[in-house]
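Please view the sequence and the model below, then read the points grouped by topic.

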Amino acid sequence: MAQALRTKEAPAFASGRVLRVYGMRRSGNHALIDWIMRNAPGGNGIFLNDCRPQTDPVQSSRGITVFENGAEVELRGVPRKLRAAGITPFTVVSYEDRTPPENRKRLYAAPETCVVIYRNFLHWSASLLRKIQGNDGYGPLDRARIMGKSLCTYGDMLDTLARPDIVPLCYDAWKEDDAYRKAALARLDLPGVDLSLGRVQRYGGGSSFQGQDAQTQDLGTSERATQMADDHEYQMLLWTAARDDRFIARLKTVFPTDADRLTGLLTTAQAQVTLP
């Protein structure tokens, strides 16, 4: 049985119910996690952000947020946050750009639910590339390397969605349909107190296209592929993905329209190739 975890300065931390959340960056992870925390039992819980696998989440987390009555509590320092979370709090532990292993070791003695958050491929890849393009430290080859690795992980993630131990949550459906949000809360066995989209999250600088100043209802998340359509790096990325038969087969099981668009793009591109 998992043991309570202790930091050097903070008291031992023993979680209550745990949601272990996996997802790619730019998949709406933090929007859904904020919504989950707003619907935590009693509106109270603790969120351990972007943890490293096979480690103590408290120690490896890149940020800890405490929620009380459905709202974030402004606190500084891990010891104060853990004390404020109380005894055996509802806990969300997130992992970015990783897929859940089939034989996971439990983090704590409490019951666990494993969640995978995913997003439409064309819009997700456009959003991630735009985000990376904003980093002056990355050149075209750096971006190609990062995006190539991310596409491989995205494909692996698609394979996990049908597993019986996974609760899959689609960001696109979540954002557009309050009935989907209500049904998702039931699948997570959480009270359907708050079906709103909430505010744009601060993590990662907010939206790749609109930053943190936009209102959630105004986010054009279903327009990202169109907004990047003329970007040569994005075109090359899609063309490369379209040539990978295994990736297309995986994509077709979850997003068949995206797979068909990529196949059509490849056909068009090949028809336009002329020899010198």
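In this predicted model, seven strands make up an open sheet whose order is β4-β3-β2-β5-β1-β6-β7, with mixed pairing. The edges are held by β4 (71–73) and β7; each has a single partner strand, so one side of each is left without a neighbour in the sheet. On average, neighbouring strands of the sheet are turned by 25° against each other, direction ignored.

**Strand β6 and its partners**

- Strand β6 covers residues 112–118, and six of its seven residues are buried, so the strand is largely enclosed by the rest of the structure.
- Strand β1 (residues 18–23) runs parallel to β6, and six bridges join the two.
- Strand β7 (residues 166–170) also pairs with β6 in the parallel sense, over five bridges.
- Cys114 in β6 stands opposite Arg20, and Cys114 also stands opposite Ile166 in β7.
- For Val115, the bridge partner in β7 is Val167.
- In a regular strand, side chains alternate between the two faces of the sheet.

**A helix across the sheet**

- Helix α3 (residues 78–85) lies across two strands, β2 (45–49) and β3 (63–68).
- The helix runs at about 30° to β3.

- Asp50 is placed in the loop between β2 and α2 (57–60).
- With a relative accessible area of 14%, Asp50 falls under the 20% limit and is therefore buried.
- Not counting residues up to four places away in sequence, Asp50 touches Ser60, Ser61, Arg62, Ser94 and Glu96.
- With one of these residues, Arg62, there is a polar contact between side chains, at 3.2 Å from Asp50.
- Asp50 and Asp97 are separated by 47 residues in sequence, while their C-alpha atoms are 9.2 Å apart in space.

- Arg181 belongs to helix α7, which spans residues 178–187.
- Which side chain of opposite charge is nearest to Arg181? That side chain is Asp178, 4.9 Å away.
- Arg181 is buried yet has no salt bridge; a salt bridge would require the charged atoms to lie within 4 Å.
- Leaving aside neighbours within four places in sequence, the contacts of Arg181 are Trp35, Trp174, Lys175, Glu176, Leu195 and Leu197.

Note on methods. Residues are numbered from 1 along each chain as its sequence is written. This is a predicted model: local features need pLDDT of at least 70, side-chain atom pairs count only at pLDDT 80 or more; totals for chains, interfaces and linings use all residues. Side-chain values use heavy atoms; hydrogens and water are left out. Helices (H or I, at least four residues) and strands (E, at least two) are DSSP runs, numbered from the N terminus. Buried means under 20% relative accessible area, exposed over 50%, partly exposed in between (1.4 Å probe, protein chains only). Lys and Arg count as positive and Asp and Glu as negative; His and the chain ends are not counted. Contact means heavy atoms within 4.5 Å. Two strands pair if DSSP finds at least two bridges between them. Axes are lines fitted to C-alpha atoms, for helices over the stretch in contact, and angles run from 0 to 180 degrees between N-to-C directions. A polar contact is a pair of N or O atoms within 3.5 Å; within protein, one must be able to donate a hydrogen and the other to accept it, and residues adjacent in sequence count only if both atoms are side-chain atoms.
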